[in-house]
Each structure stands twice: as structure tokens, then as C-alpha cells.
Amino acid sequence: MLWQAKKLTITEMMILLLCLFLFAERTCGYGDHPCSDYKKLSEADRAATYQKLMRKSDSRRSWKEHWYRFVGKAGDKIASMEGDGKGCLMNPSCGAKFPGYLMKKHPGNLQPGTNFEATVCFSKGKTCCAKTQRIKIMKCKDFFIYKLPRSCLKRGRYCGTGIEKKPDCDKKKLLFGLSKTYAAKSCKEIKELRKDAESGVYWMNKTNPIQVYCDMETEGGGWTLVYSYIFTNFRSFRSGSNSLTPRPNWPVSDQYANIPISTEAPKSETDLNALDFKIWKKLGHEFMVKSNINHHIACKEGTGSLVEFKQGSLNCRIIKNIANKCHNYVPDQLILHSAGNPAQSTLGPDLIRSQSSSFLKEYYYFEASTRTRNWPTHDPCRTNNLNHRTDVARPRGNIYIRE
């Protein structure tokens with residue numbers, strides 16, 4: 001019996017063409033290939049623009065390392081840090097406590113079948129890249145797929161594209177003060193550029209970069225720590241053997257000032273050092289004194305100036321009452337030739353309360369000698385007496401500068 005050709009209907013012809021197309025796809029490298037064997041991530045709350053915290057995570061046990069494709073409202077690619085440094089995703093982007101996105105700009109024009117490794121950042125708190133994880137990216141015909149392992153952070157989640165409004169997180173702001181390349185002029189400059197900057201060590205001075213400690217909390221922050229000191233004989237406070245140590249290289253009488261000099265920036269309030277005094281005035285002219293035995297004060301210049309080492313009036317205010325008595329008193333003048341100094345020598349700046357009825361009016365005296373009968377007054381009552389606290393484990397003090 002002879003075989004006779006059968007006329008195909010339009011519907012049958014369309015089905016046949018579709019089958020041929022699918023067969024071609026398989027013979028051209030797909031089939032079991034990842035580009036045809038992936039899982040879809042399509043949830044609307046996975047988009048980077050989704051800003052409501054969800055209890056969803058890619059670290060759950062049900063998450064399997066596999067090839068995934070972002071589709072639908074989740075976007076068409078994994079979210080990424082753009083080439084200009086923008087695109088840092090913070091909680092609750094894509095509904096995640098710890099959003100995940102590519103550390104670098106997403107790759108563009110690639111040949112189908114190309115695959116490579118990339119790094120995903122997971123932001124945490126105010127840190128844009130607290131944890132990293134390696135993933136694989138593959139270019140398919142007209143889309144990308146990603147081999148995504150279980151998130152390394154509990155409640156971490158991979159975000160899709162679709163960022164409508166990116167947080168202000170450009171590269172300079174991310175790294176300002178955190179590297180030599182982005183060294184700042186002062187702690188105040190860092191705080192102005194990075195409102196969320198926390199107290200800690202930062203890089204300063206682009207010409208000759210150094211690391212300094214910044215107080216980013218007290219009175220709006222922006223304070224640069226320039227001096228951290230203790231006492232040489234706290235138990236015998238009023239003895240001539242008691243002084244501050246170390247001492248800055250400020251212009252005092254070396255004939256009597258015998259305390260070792262420091263020119264290294266202190267990295268914390270307990271790191272006993274003093275920044276080179278020549279740099280102080282480059283950081284600002286307002287200063288703050290913090291001690292755990294006397295009140296914390298901040299002073300702006302009048303006719304006197306600490307950073308210029310110039311006698312005259314000061315405009316001071318209380319930051320915090322620390323001593324047990326004489327609350328809210330502050331000094332109002334800086335002098336350099338304290339009573340009792342040999343031949344009117346200068347042994348350190350002396351902050352006094354000129355309106356005090358006492359003959360001696362010292363409030364803070366930063367004395368740096370054990371060769372005289374003077375002592376480093378820390379008297380909240382501005383009478384040059386022993387009114388400081390004596391019940392602290394490690395008596396110390398600090399000076400900060402701010403623009």
C-alpha cells in the first residue's frame with residue numbers, strides 16, 4: 001500500500017514548527033544546560049525597591065544551591081553596586097534584614113554561555129558590605145542566571161533589580177576617612193559627609209595621612225582626639241611629683257618641663273599619646289576636655305586660643321557634670337604663666353575661672369613638670385583645690401579639637 005501525503009492544518013503546522021524550534025534549542029547547547037534548567041525568583045518583595053521588612057531569608061534549609069533567574073516584579077538581574085560607586089542597599093531593601101547585591105557593576109554585553117564568579121555583598125546595620133559570598137553568573141541567550149548558594153547571613157536575601165531610589169551611598173561617602181585615598185581634613189568633615197559615621201579611628205590629612213580617633217557622638221560629633229593623658233602620682237595629687245603624662249610638644253619651658261613628649265596621635269581615649277601640636281590648629285579652634293575626675297567642658301575662642309597657645313578669654317560650656325560637686329561651673333580664661341611657676345615659666349595651658357572669689361582660680365591645669373611644687377589641677381569648683389573625684393579606677397583625661 002502506497003503512503004500518501006496528508007495535508008496539514010494550520011494548527012498542526014504551528015505545533016510542528018514549535019517542536020522543531022525546541023529541538024533546535026536543545027541541539028544548540030541548552031536542554032539540560034543551566035540556561036534551560038533554572039529556578040525563577042519572581043516575588044515582588046525581592047525587588048530592591050521593596051522597603052518593608054519581611055521574615056524571609058535565603059539562608060533557610062529549604063534553599064538549595066542552584067541556578068536562579070530573576071524575573072517579573074523581582075527584576076531581570078541581581079541588584080548590583082553601580083560603576084560610579086552608587087547602589088548600596090540597606091535594610092529593608094528587598095524586604096531583607098541583610099540585603100545582598102553584587103559588589104561591582106553588573107556585567108553587560110557577554111556572549112551566551114559565558115560564565116564567571118562574582119562577589120555578593122550583604123549589608124548589615126550601617127555597613128554596606130559586612131559579609132561577602134561568592135556566586136556564579138552565566139549569560140544565556142537574552143538573560144542572566146545565577147548560581148546562588150545559601151546565604152552566609154541568617155535573614156540574608158538576594159535582591160533583584162528595580163531600584164527606583166538608591167540610598168546616598170556613593171563610593172566616596174562609603175570610604176571617606178576609612179582609607180588613605182579618602183583621608184579627610186578633620187573628623188568634622190567626615191561627620192558632615194557621612195551622617196551615620198560612628199566614633200572610631202579614621203584617616204586624616206591627605207598630604208601626610210595619619211590615623212586619629214573621632215568622637216562622632218558628643219554634641220553632634222566631629223571631634224578629633226589630640227591628647228590622652230594620665231597622672232604621674234594621683235594618690236599624692238597635690239605633690240610636686242604629680243603631673244600629666246605624656247605631654248604634647250606645645251611651647252613650654254623645657255628647663256622645667258621634664259615629662260616625656262609625644263607627637264603620635266592617640267587612637268583611643270586610653271591610648272596615652274598627643275598629636276603633633278602643629279597640627280592641632282589645622283583641625284579647628286574649638287576644644288573639648290573630657291576627664292573622668294572633672295566636668296566635661298567645651299570652649300570656643302574669645303581673645304584666647306588653646307591651639308594658638310595664646311592667653312585670653314574663652315567661651316566655655318558644660319558638656320557633662322562628672323565631679324560630685326560644683327556642677328555647671330566652667331572656666332572663662334586661658335593663662336600661660338601660672339602662679340608658682342619658676343621665673344614666670346610656662347609649663348602648660350591653665351584654664352581658670354576669672355570670676356572666682358578664690359585667690360587661685362584653676363579649673364584645669366595641664367602641667368607637665370615634676371620639678372616644681374605645682375600640680376595638675378582638676379578642680380570643678382575653680383579654686384585650685386582637691387575637689388575632683390577620687391573614686392575612679394583609672395584617672396585620666398582627653399583633649400579634643402573641632403572646627
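**Close-up views of a predicted model**

With a relative accessibility of 10%, Phe-277 counts as buried (under 20% relative accessible area, whereas exposed means over 50% and partly exposed lies in between, using a 1.4 Å probe and protein chains only). The model is predicted, so local features need pLDDT of at least 70 and side-chain atom pairs count only at pLDDT 80 or more, while totals for chains, interfaces and linings use all residues. Residues are numbered from 1 along each chain as its sequence is written, and side-chain values use heavy atoms, leaving out hydrogens and water.

**View A. Phe-231 and Phe-237 form a tilted aromatic pair.** A search of the whole structure finds 20 aromatic pairs (rings of Phe, Tyr and Trp, the last by its six-membered ring, with centres within 6.5 Å; planes under 30 degrees apart are stacked, over 60 edge-to-face, and the rest tilted). In one of them, the ring centres of Phe-231 and Phe-237 are 5.3 Å apart and the planes stand at 55 degrees, so the pair is tilted. Phe-231 is buried at a relative accessible area of 8%, and Phe-237 is buried at 4%.

View B. Because Phe-277 lies in helix 4 and Phe-309 in the loop between strand 13 (296-301) and strand 14, the pair ties together parts that are 32 residues apart in sequence (helices, H or I of at least four residues, and strands, E of at least two, are DSSP runs numbered from the N terminus). Phe-309, at 11% relative accessibility, also counts as buried.

**View C. Cys-94 and Asn-328 have positive phi angles.** Cys-94, although not a glycine, has a phi of about 50 degrees; this residue, Cys-94, lies in the loop between strand 2 and strand 3 and is buried, with a relative accessible area of 0%. Asn-328, likewise not a glycine, has a phi of about 75 degrees; Asn-328 is found in the loop between strand 14 (312-320) and strand 15 (333-335) and, at 55% relative accessibility, counts as exposed.
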